[in-house]
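Here's a quick briefing to read with the model open beside you. Take a look around first, then work through the points below.

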Amino acid sequence: MILGSSSPEQQDNFVPKLVNIQLGIDNHIIWTNKDSTPHTVTPDDESLEDSYSGKFGSPGVVKPGETYEFTFTEPITFSYHCAPHPWMTGKLEITEARF
Ligand SMILES: [Cu+2]
């Protein structure tokens with residue numbers, strides 16, 4: 001989350017907006033809050049789960065300077081947002097690695 005993400009006028013918040021990752025190569029994702037306001041990483045479908053890592057989504061707010069990380073072990077595509085700032089959206093596409 002970049003500086004100024006809490007402003008609805010700002011186009012960029014979750015950067016990059018779309019993350020495409022491949023299982024077994026780069027399936028560990030870290031969100032870093034570089035803004036001055038707390039944010040969340042909340043899946044649009046709140047029941048989203050990985051069978052190994054469990055429920056996806058930050059347990060509370062991610063404070064400025066803090067991180068939320070998650071390891072994906074299954075292919076999935078989904079959208080997520082920030083609960084207090086619903087205009088902040090992002091998308092993840094997790095696919096099987098192609099060697
Ligand atoms: Cu936010």
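**A quick tour**

The largest pocket has 13 residues lining it, and those nearest its centre are Met1, Val15, Pro16, Ile30 and Trp31. Keep in mind that this is a predicted model.

**The pocket**

- The volume of the largest pocket comes to about 240 Å³.
- Which strand gives the largest share of the lining? That's strand β2, residues 28-32, with four residues.
- Sorted by class, the lining of the largest pocket has 11 nonpolar residues, plus one polar and one charged.

**The copper site**

- Three residues coordinate the copper ion: His39 and His85 each use ND1, while Cys82 uses SG, at 1.9 to 2.1 Å.
- Read along the sequence, the spacing of these donor residues is H-x42-C-x2-H.
- His39 sits in the loop between β2 and β3 (42-43), and His85 in the loop between β7 (76-81) and β8 (89-95), so this pair ties together parts that lie 46 residues apart in sequence.
- Are the two histidines buried or exposed? His39 is buried, with a relative accessible area of 0%, and His85 is buried too, at 10%. The cut-off to know here is that buried means under 20% relative accessible area.

**The sheet**

- Four strands make up an open sheet, and their order is β1-β8-β7-β3, with mixed pairing.
- At the edges you'll find β1 (18-22) and β3, each of which pairs on one side only.
- A bit of background: strands of a sheet pair through backbone hydrogen bonds, either parallel or antiparallel.
- For β1 and β8, the pairing is parallel and runs over five bridges.
- If you want a spot to look at, find Asn20, which stands opposite Glu93 in β8.

**The whole chain**

- How many helices and strands does the protein chain have? The count is zero helices and eight strands, so from the N terminus on, the elements simply read β-β-β-β-β-β-β-β.
- The radius of gyration is 13 Å, close to the 13 Å that the globule rule gives for 99 residues, so the chain is as compact as a globular protein of that length.
- Along its principal axes, the C-alpha trace spans about 40 × 25 × 20 Å.
- Out of the chain's 99 residues, 36% count as buried.

Methods. Residues are numbered from 1 along each chain as its sequence is written. This is a predicted model: local features need pLDDT of at least 70, side-chain atom pairs count only at pLDDT 80 or more; totals for chains, interfaces and linings use all residues. Side-chain values use heavy atoms; hydrogens and water are left out. On a 1 Å grid over the protein atoms alone, a cavity is a set of points where a 1.4 Å probe fits but cannot get out, and a pocket is an open set with protein on both sides within 12 Å along at least five of seven lines; lining residues have an atom within 4 Å of a point. Grid points are joined across faces, edges and corners, and a volume is the space filled by probe spheres set on the points. Helices (H or I, at least four residues) and strands (E, at least two) are DSSP runs, numbered from the N terminus. Ala, Val, Leu, Ile, Met, Phe, Trp, Tyr, Cys and Pro count as nonpolar, Asp, Glu, Lys and Arg as charged, and the others, Gly among them, as polar. Donors are N, O and S atoms within 2.8 Å of the metal (3.2 Å for Na, K and Ca); water is not among the atoms, so sites may look incomplete. Buried means under 20% relative accessible area, exposed over 50%, partly exposed in between (1.4 Å probe, protein chains only). Two strands pair if DSSP finds at least two bridges between them. The radius of gyration is taken over C-alpha atoms; the globule rule is 2.2 Å times the number of residues to the power 0.38.
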